[in-house]
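Reader: I'd like to learn how to read a helix and the sheet beside it. Could you walk me through an example?

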Amino acid sequence: MQFNSAEKQAAKDAFNKVPEQQRNQMRLSSVRLTNGGFTGSGVLVKSSDSYDIIGIITAKHNLCVKAGIKRPETWDQDQVNKLMADFLNGLSVGYDPQGIDQDPQKTQALTSTNSDIEFRAGNESWDYDLMFISFKGDLEIKQWAKSNRSHRIDYSVYKNIPEFYKQQNQQNQQNQQIQQSKHNQPIQQIQQNQQQIQQKSKQKSKQQIQQKSKQKSKQQIQQIQQIQHDRQDRQDRPSKQILLNKQVFVTGFGNILDSNGQFPPKKQESHPFQVRTATITRLPETVLDKGDLCLNNVLTVTASNNTSTAPGDSGGPMFYIVNNTVYLLGATLGSNYEADRIIPDDPIKCNNSTFLYYQEKLF
């Protein structure tokens, strides 16, 4: 991660103020992914409904980072199969870090034989940036994750999903935009009608003007007032903005950088457990990739050159704590992704994570 000294200390202080049980869960569920010169991050989870599945959620674009290529704009299954095999074969998962700035104590070697990659709702497309690494057989990391709830994040894919996931999904935002667009049109039409009435009224008698003007004005005022009331009512509904302005914790094992984006002395090869705090500024939306691709269901949080994720943090978890429960909101996508424009990587304006809730279920 990238910090100046004050922001790094502030993040440590905020993390240490979290109750021990929740603090341990965020720390122990976070994992480091390495393979050759590649470093990424992820989170141990148990997703369940009819049966339990333990594995790692990380960023799909880590496949491309490992291969040294840009994220493709189209899905080629043969290419994806090769990317998956190259990613898994030789992958080392580091887990059980003992604290901030500490390396994982344990490692698990993965291959394409003892593990697999699932894309679930994001299958056959690069526009949703999550993937799930599942374990085959009785691996030590699997047994460790099962042994204690603090070693993983539990969630149900379909059932008993907390409302803040559902209320923030992209479809709700699209529906809201459509509804607002439909309501904008009547207002514009009403305003145009008012102008037409005023022009025509100049050619008519004073009595006709007064009668029609009174009738039209009353109806138009009522319509505008009702439309504006409906729009304001939708904006004021708290369920639509449950996560907005909430604090989150983001963890990862990426590069340790100073506020200038440089490696401090003796930190170039170090990839210990790190954490930063951030505030959610925009709810899930579609953002522009650096190329022509659009990326779906992306949360945006505060960041700057003084506090940000860095290379190697991709796929690291974003945690939200409510009622003493740790929830996984998503996984780190990167920095400076916007909905309506492409901006340079420097200076850092924001951080982005892919939201866990997609297509009416948790990933």
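Author: Gladly! Let's start with burial, where buried means under 20% relative accessible area and exposed over 50%, with partly exposed in between (1.4 Å probe, protein chains only). In helix 1, the buried residues are Ala11, Ala14 and Phe15. Because their arc around the axis (taken from the directions from the helix axis to the C-beta atoms) covers only 100°, they sit on the same side of helix 1. This is a predicted model, in which local features need pLDDT of at least 70 and side-chain atom pairs count only at pLDDT 80 or more, while totals for chains, interfaces and linings use all residues. Residues are numbered from 1 along each chain as its sequence is written, and side-chain values use heavy atoms, leaving out hydrogens and water.

Reader: Which exposed residues does the face of helix 1 turned away from its buried side carry?

Author: That face carries Ser5, Ala6 and Lys17. Helices (H or I, at least four residues) and strands (E, at least two) are DSSP runs numbered from the N terminus.

Reader: What do the buried residues of helix 1 pack against?

Author: Look for contact, meaning heavy atoms within 4.5 Å. Their partners are strand 1 (2-3), helix 2 (20-29), strand 10 (247-252) and strand 11 (274-288).

Reader: And how are the strands of the barrel arranged?

Author: Two strands pair if DSSP finds at least two bridges between them. Here six strands form a closed barrel in the order 10-11-12-16-15-14, with antiparallel pairing. Strand 11 and strand 12 (residues 294-302), for instance, run antiparallel and are joined by five bridges. Opposite valine 287 you will find leucine 295 in strand 12.
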